[in-house]
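Here's a quick briefing to read alongside the model. Have the viewer open as you go.

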Amino acid sequence: MSDILIAAKEQRINEVAGYQINITNYTMAIEHITALNDQDLFPFRDQLADLLKSELLEQKKTQVMLSVIQKQLEALNVL
């Protein structure tokens, strides 16, 4: 069971990192489009803002699951 939890922990760590890459990219793109002040890109900026909200929420959910997995590993004395 600990092997499965360790693998699940690694997967969740990678998921959190993946979400963070997207969060950073979306944030920077939104800032860039805003600085360009190109009205044609504003709908895209709005789409990115929606994606950013979604990624932030998904990252939080993944962090919760990562915390739960870590607590299970600690209960098994596996760090």
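This is a predicted model: local features need pLDDT of at least 70, side-chain atom pairs count only at pLDDT 80 or more; totals for chains, interfaces and linings use all residues.

Residues are numbered from 1 along each chain as its sequence is written, and side-chain values use heavy atoms, with hydrogens and water left out.

**Overall shape**
- The protein chain has two helices and zero strands (DSSP runs numbered from the N terminus: H or I of at least four residues for helices, E of at least two for strands).
- Its radius of gyration is 17 Å, well over the 12 Å that the globule rule gives for 79 residues, so the chain is more spread out than a compact globule (taken over C-alpha atoms; the rule is 2.2 Å times the number of residues to the power 0.38).
- Along the principal axes, the C-alpha atoms fill a box of roughly 55 × 15 × 15 Å.
- Of the contacts between residues at least 6 apart in sequence, 75% join residues at least 24 apart (contact means heavy atoms within 4.5 Å).

**Surface**
- Buried residues make up 24% of the 79 residues (buried is under 20% relative accessible area, exposed over 50%, partly exposed in between, with a 1.4 Å probe and protein chains only).

**Helix H1**
- H1 has 35 residues and reaches 51 Å from first to last C-alpha, close to the 51 Å expected at 1.5 Å a residue (the expected span is 1.5 Å times one less than the number of residues).
- Its buried residues are Leu-5, Lys-9, Val-16, Tyr-19, Ile-23, Tyr-26, Ile-30 and Ile-33, and what covers them includes H2.
- After H1 comes Asn-37, with a positive phi near 55°.

**Helix H2**
- H2 spans residues 42-75, which is 34 residues, and its reach of 50 Å is close to the expected 50 Å.
- Its buried residues, including Phe-42, Arg-45, Leu-48, Glu-55 and Leu-73, pack against helix H1 (2-36).
- Asn-77 follows H2, and its phi is positive too, near 60°.

**Ser-67**
- Ser-67 sits in helix H2 and counts as partly exposed because its relative accessibility is 34%.
- Ser-67 and Ala-17 are 50 residues apart along the chain, and their C-alpha atoms are separated by 15 Å.
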